[in-house]
Every structure is written in C-alpha cells, then in structure tokens.
Amino acid sequence: MFTSVVLDLRLERSWEPGRLTAEAFRWPTSDRAVPLCDVATRLAPRSFAASGSPVVTPASLYAESGGIRRRSRKYQGSVFQVGAELRAGDVLVPRVGLGPAVLVSEHLRGALVSARFTALRPLDSELGLWLWGVLSSESGRRLRASLSQGAAIAAVEPSSLLDAIVPVPPVERLRRVNGPLRAVEDSTHVDEEEAVETWWQTTDLRTTDWRIALATPDPSILTAGEPLANFCGEIVHGRNTRGLAIEEEAPGYLPVADVSMLGGKAPRRWVPEDQGNATVAQPGDLLVAALGNLPHARIADARVVADTNVLVLRLRNPSFGPALAHYLNGQDAYRVRQVFTVGATVPSISATDLGRIPVPAAALEPVEAPAVVLPLAQRLELLLWES
C-alpha cells in the first residue's frame, strides 16, 4: 500500500532527504503509532570477539528467508553475546543494508552477534515478535530505507531508528496474530552451511582413525545409513583427455563432463568417442565432483566422458539416482563429505571415501518438487496488515 504526502518545506530548517522522506512514510494500518523508543530500549555490546570466532553479522543472513547462512570468522570487534547481553525476545536490526531483522531465541544461545546490528529490547515481552515482523516486512524495509544515509550502501543510525514511528496493535489483535507470526519466524531456523558447535574431547589415536577423530566430535554420523558404495556396481574416476579434446561440438565426439558442467554450465570440451582410454558415463549413471568443497552431483542424461576430476557411480538400481543426487547435494551429506575432504588449497575426495558416505533410508524416498515460498518480507506484509 502506498500513500502520497505533500510536505511544506518553507518552514523547514533541515532539508536532509532521509528525514523528510521518513516523515512522509505511512504504515498501511490504522493501529496506534508511537516512536520506537517508547516501546523498546537500545542495548550496548559488552563483549569482544577476536578474529576467528564465529560471529553473526548482517551479511550472515539469507536476504530472502531471514535465516542464518554462515557465521563470519573474519569479524573482529565489539559483539553481543546471547545469554549475557541478549536474551530471548530481543530484536536485532541491521545497521547497514535493508536485510531482515533477527529475533533472539533459544536456538541462538551462546552465539556472538556483531555490533553491526542495533539491538532492541521491547519494554513489553509480548512486543518482541511483533517488532521483528514489522521491521522485517516490506513496509518495515521501506521505513528503514527512508531513514538510511548513504547512496551506495544504506546505513541506519540507531538514533534515527529509535525515533521512527511504528504501529502497535491492540492487545487482542496482537495475541491473535502471534501464532501465525511465530510460525513464520520458526521457518527462518534453517541449517547453517557450516557447523558452529565447539567441542573438546580426548581420543586415543592408536586405536582410532585419527583423520575422522580430528574432523568430527561425533563419528556416529558415519554410520547413520547404508554406505553409498552399496548402491553402486562400481565407482570409477574419470581420465585426462585434454590431449584429444576440441572446443566445439563435432560428429563422433562426446561432451566432457567436468566440475563446471556438473554445476550447471554448458560443456566446454568434446573428445572422440572411439579414441583414448576415456571413462564414458551412460545415461542413468551418477556423476559427482571429486574436486572442490561442493559435490555437484547429477544424473547423466546422455553419454558423456568423465573428466579426471569427476567420479562416475554406476548404480545397481538406476531408479535411486535422482534421490541419491538430491541427497548428495544436500546439507547432511555435505557435512559428512567435509569429514573426508583432504587438501587445504584444492579440497578433494577419493572414490573410496565417497563410497563411505552413509545414505539414510529417508533419503531414498521420492523427491517432491518444493513448494513456492514467498520471500520473508512479502509473507510478513500479507500477514501483518491483512490479519
């Protein structure tokens, strides 16, 4: 919902665009509106994080879903600690950019949060979830855009945010919308790209696979399913065919499946089908990148020649192929793959270690197309002003 407002600038002492546009902003609701400082106080960080500590920053968040993607290990400076300065119900608003706000809850216990957020503590505990939704909605983002300074990167000063006018609904409507709001906020609790737990244990490396013991505090993840090798007749490496390759398609030549092609790009090289000692993958074979951190697993839909950095899994039951590819590209298999990855500069995984990745029975269930989910800001916009 948009409204137009005419401002009389003749008596204005300050023509600062941000302040003027903030005054012109209107919320799409008739609820009582008050300055944010009347319903929340600002918190100050009292902790310090050294470089290497996992810290939640505004860049850590998924812009679309609002979940935490990956904690920064490069941030160094003042931080809030959940459980010390922060508690459940506090709201974190990015000071730079217009990304989603974060509601502090139990799933963040012990986390370090950078001072690049403005930390707010609602005076009424029931308002925390509401303020998170309001400031993360499309209207809330427009408000923050109107308060921002800077052309290249929007930056909102805490004082400007606290002076901003926000709607506060009656108690009855606030409690009525609380359940749906909680469901939306729960949907932002997603698996992060990297594990963030810290651990310490004593291990006798004389009777243990020391590489596994040093890589994970929970070796049981390696037995949480049937080994991938059991689904395969064989797992073979591709071979180097660069001496025979050409850079354009030609009759009698097959495309080379390299890591970039598995990642979704078009073939870059072709090799003769009947020359050399190439590893030819047949339709239905599972192709997995052996080089790099990401698996890039996909099913071959035509005959291709596997590059030296690609592993070909010839499946005993090709009908499992799509489910296995989906699982290998997912978060759970990625974590196990990291245990077996070797090499600091260019990580890689061997055919033997790839075959050790456990596949849980649930991963073989048919893969359903994911439902289309609106971005967080749009979902909140529809929920808050139409409920």
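Mentor: Before we dig in, two strands pair if DSSP finds at least two bridges between them. Also keep in mind that this model is predicted.

Trainee: OK, then how many bridges join β13 to β14, and do they run parallel or antiparallel?

Mentor: Pairing takes at least two bridges, and β13 and β14 have three.

Trainee: What about β13 and β18: which way do they run?

Mentor: Strand β13 covers residues 253-257 and β18 covers 304-306, with two bridges joining them. V256 stands opposite V305, and A257 has A306 as its bridge partner. The direction of β13 and β18 is parallel.

Trainee: In what order do the strands of that open sheet come?

Mentor: Four strands make up the sheet, and the pairing is mixed. At the edges sit β14 (270-272) and β15 (280-281), each pairing on one side only. Reading across, the order is β14-β13-β18-β15.

Trainee: How many of the five residues of β13 are buried?

Mentor: The cut-off for buried is under 20% relative accessible area. Strand β13 is largely enclosed by the rest of the structure, and that follows from its count of buried residues, which is four.

Trainee: Which residues of α3 make the contact with α2?

Mentor: On the α2 side, it's V134, L135 and S136. By class, the contact has two nonpolar, two polar and three charged residues. The α3 side brings in E138, G140, R141 and R144.

Trainee: Now F80: is it buried or exposed?

Mentor: F80 lies in strand β5, residues 77-81. Its relative accessible area is 2%, and the cut-off is under 20%, so F80 is buried.

Trainee: How far apart in space are F80 and L43, C-alpha to C-alpha?

Mentor: L43 is among the residues F80 touches, not counting those up to four places away in sequence; others include A44, P45, L86, V113 and F117. In sequence, F80 and L43 are 37 residues apart. In space, their C-alpha atoms are separated by 8.9 Å.

Notes
Residues numbered from 1 in each chain as written. Predicted model: local features only at pLDDT ≥ 70, side-chain atom pairs only at ≥ 80, totals over all residues. Heavy atoms only, no water. Contact = heavy atoms within 4.5 Å. Nonpolar A, V, L, I, M, F, W, Y, C, P; charged D, E, K, R; others polar. Buried < 20%, exposed > 50% of the residue type's maximum accessible area, 1.4 Å probe, protein only.
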